[in-house]
Amino acid sequence: MDADPTLSDLLAEYPMALKRLPFHSLVNSAPWSTLLPELSADTIDSLLPLAPALDLNEDDFYMNLIDSMLKKWKASDATAVEFGANRPSSATAAFELAMSKTATHFNSVQQLIRCFKDPEAAISTIKHVADEFPCGPDRVAALKMGIKLLYKWGQFIKRMAEPERSQMMTKAEAIYAHFEKSHTDATVEIELRCNGLEKHLLLFIEAQSTESTIRALAAVFEDECDKSETESLPDADEADEAAGSVPKGKLHETLRNLAKIYDISLESLMQKLLEGYLESPVHLSQAACGPGLPSAGYQISLRQPDSREAVLRRRIICILRAYPASDSVRSLLGFAYAPKGGISCLCRARALEILFSLASDQDIAQLQQPDDVHKYFQALLYMADFEYVGIPQSTSDFLECQKAALARSIWVDYHEDPRAVQLICNMCLDFGVDDRDLILQILPRLLAAGLYQYTVGVLDTISTMACYSAHIKQLPELWSRAISGLLVHMAAAFKDGASDREKQNWVETALAALGSCLRSAFLPDIDAARIMQALFKEHSVACTDACSSSSARAAAAQQLACLTFDVLPYSQAAQDALLDHLDAMPASDMHCLIMRLLDFAECALNIASPDIFVDWTASRSLSLVFDKVDDMGTHEQVLLNPPLGRAVHAFVHNRIRHDKLQMAVQACLNKDKHQLAMQLVSRYYQTRTTATLVDDAKRAGVKTEAMEMSSLDTTGDYTTSAFSADTPTGTQDVSYSARRFVKGLSEQNLLDIYLKSRTTAAQVREIH
């Protein structure tokens with residue numbers, strides 16, 4: 001019996017089977033199960049004639065083909081993302097798609113949709129196509145075509161009879177509204193993604209009215225402005241990009257494009273925002289609260305980048321930079337000089353302060369005399385202070401009056417009020433009131449009111465004014481009291497859990513206070529010991545306090561006392577004060593003190609202080625702490641606490657620098673850590689010249705000039721000698737035999753030389 005023929009045998013016998021569809025499957029079962037695998041752009045024209053015979057709608061052929069193409073593209077894109085050699089993140093892929101300019105897939109679909117006979121079916125299909133495409137040129141092109149088809153369909157519906165016309169028109173209008181909203185959302189998403197602002201997309205998608213869209217635009221503007229602290233820099237756009245925010249010039253362009261999509265006037269929006277920001281009440285930071293004046297609080301707020309006032313300032317500047325300088329000058333001057341009531345003096349002053357940062361005197365001179373504007377700005381600040389203190393005064397009267405007479409008259413009536421005393425002091429310094437007796441009465445009252453930081457600033461200014469500094473003998477005493485009070489207040493205010501920015505501000509304030517001392521002509525007379533004793537007293541009080549913040553207060557007081565000793569000129573009294581404090585300190589606290597001093601120095605390196613450079617390697621206080629560790633023999637207890645490394649490194653560096661390594665070396669030997677002792681000595685001699693090593697060898701009784709290599713310790717590793725041509729242990733000014741001698745020394749030789757030379761030197765000192 002013959003075997004059944006194979007498929008290849010049958011196809012060879014009946015070749016037309018390759019070109020025909022199975023008749024029984026088409027007629028007796030669901031035809032699409034047979035047609036769909038054969039349906040493609042190349043075969044659709046051949047399959048369309050089957051539609052009448054199979055009682056199928058020709059539009060269904062196009063709809064099924066389009067759906068098949070969409071599935072194929074979707075699968076292809078997913079595979080490329082998942083298995084591609086350079087797999088992009090979803091955010092990167094979305095950005096690249098949004099940045100592309102041309103549709104890649106829709107052109108193929110567009111030709112098929114044009115072949116539809118039923119306009120409603122075409123619109124339904126294009127809606128499906130738009131929903132399937134990711135946001136990009138393909139979706140936008142699909143939505144645009146859908147809107148055009150809807151317009152044509154609407155014309156066709158108008159020719160229908162009622163009630164069908166009304167029913168179809170309602171349906172068409174709903175679809176049209178959906179297309180319009182989808183097109184707007186897609187265009188907005190592309191604009192946002194192209195500029196890295198996609199996080200704001202939900203604001204626009206959920207916007208249901210013009211007012212909510214305006215709020216979304218304002219939110220984008222404010223969020224991007226609040227990211228940046230670079231409004232005063234000439235290369236602010238580059239700095240913004242580095243910080244991850246949109247450059248200000250590009251931000252305005254993006255907002256203008258978004259506003260255009262919604263048919264909103266960006267100029268009107270920006271003007272409305274500007275008016276709101278300028279009229280917003282001035283926000284004084286918490287650091288400015290207390291007995292300080294509003295004018296000082298306002299300026300303090302501007303120096304704090306995260307303060308509400310600094311944020312408002314950045315927003316105002318960002319708006320104004322989009323316009324010519326002349327328009328900005330006119331706008332700010334108009335607000336500052338506006339006759340209408342309800343605008344506070346500080347709000348007007350804010351406008352002028354921004355004006356001075358944006359425009360030059362030449363720009364201002366086009367509309368107003370620059371000197372008059374500066375005087376008006378100063379008067380506005382004083383008006384805010386007068387109002388705060390409760391002293392009646394008008395701007396015109398203040399500009400025209402004699403400031404010396406006004407200051408004296410206020411003193412007579414308000415000298416018990418610390419706020420008024422501060423106001424009088426400002427007038428004396430700003431307007432050069434030559435009244436030494438008045439100043440001498442003002443300064444003690446400022447100190448009594450606890451205005452230490454303000455008083456330090458006053459003393460710093462007075463030091464540059466010959467009319468005061470050359471005639472007031474009490475200034476050194478006042479300096480010491482003011483610095484002491486300020487540092488003690490800073491220690492008392494320090495709290496656990498402070499943020500990095502708060503810590504940096506704290507360090508910056510301390511450096512600024514001591515920096516003002518260094519600038520003072522009375523620096524030699526400032527009593528560092530007195531300041532340190534006040535801080536150590538605060539430390540003692542905090543240690544006995546049961547308050548949760550007492551440990552932070554104690555640590556801060558101790559840290560500031562050490563900083564004072566390091567920065568101010570050396571005195572024996574100051575050193576004795578620190579030594580007395582260290583004598584009373586348990587060894588367990590030494591490590592914490594060392595780490596705090598190192599942390600303070602590291603934080604200070606990030607602060608550009610023109611007067612102080614905090615260098616832990618030259619710290620006098622650290623040297624005394626390490627001396628105490630040597631004296632007590634508590635090297636392990638103090639230096640080997642976690643975190644390991646920094647304290648040990650600082651100790652070794654300090655001992656080598658000050659030639660005080662002997663105690664540490666001996667402590668290592670006592671603990672049988674012979675290798676560590678040799679390493680310390682080798683490191684010591686790396687920082688010294690060859691001549692120093694030769695001198696130590698002679699002091700140890702070694703004859704370097706005549707010594708033979710055979711007499712050295714041949715067990716040492718000479719190939720790993722610490723000495724090379726590029727180390728401080730240079731060989732100039734020493735003989736060839738001495739250089740030969742040094743080259744052959746092992747670490748054990750170096751240790752022996754170091755110990756014997758120190759023993760000999762100690763014996764010589766005892767004899768003398």
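## Overall architecture

Helices (H or I, at least four residues) and strands (E, at least two) are DSSP runs, numbered from the N terminus. By this definition, the protein contains 42 helices and zero strands.

The model is predicted, so local features need pLDDT of at least 70 and side-chain atom pairs count only at pLDDT 80 or more, while totals for chains, interfaces and linings use all residues. Residues are numbered from 1 along each chain as its sequence is written, and side-chain values use heavy atoms, with hydrogens and water left out.

Of the 768 residues in the protein, 44% are buried (buried means under 20% relative accessible area, exposed over 50%, partly exposed in between, with a 1.4 Å probe and protein chains only). Contact means heavy atoms within 4.5 Å. Among contacts between residues at least 6 apart in sequence, 71% join residues at least 24 apart.

## Nonpolar cores

A nonpolar core is a set of buried Ala, Val, Leu, Ile, Met, Phe, Trp, Tyr and Cys residues joined through side-chain atoms within 4.5 Å. The largest such core has 176 residues, of which Phe221, Phe386 and Ile442 touch the most other members. Helix α22 (residues 370-389) gives the most to this core, namely 11 residues. Apart from it lies another core, of 42 residues, including Leu56, Ile66, Ile113 and Met168.

Beyond its neighbours within four places in sequence, Phe386 is in contact with Ile391, Gln393, Phe398, Leu406, Ile410, Leu423 and Met427.

## Packing of α26 and α27

The axes of helix α26 (residues 436-448) and helix α27 (residues 452-462) come within 9 Å and cross at roughly 150°. Axes are lines fitted to C-alpha atoms, for helices over the stretch in contact, and angles run from 0 to 180 degrees between N-to-C directions. The crossing angle therefore makes α26 roughly antiparallel to α27 (under 35 degrees counts as roughly parallel, over 145 as roughly antiparallel, 65 to 115 as roughly perpendicular and the rest as oblique).

## Local backbone features

The peptide bond from Glu162 to Pro163 is cis, with omega near 0°. Pro163 is placed in the loop between α10 (137-158) and α11 (164-194).

Asp55, although not a glycine, has a positive phi of about 60°. Asp55 lies in the loop between α5 (50-53) and α6 (58-83) and counts as exposed, at 69% relative accessibility.
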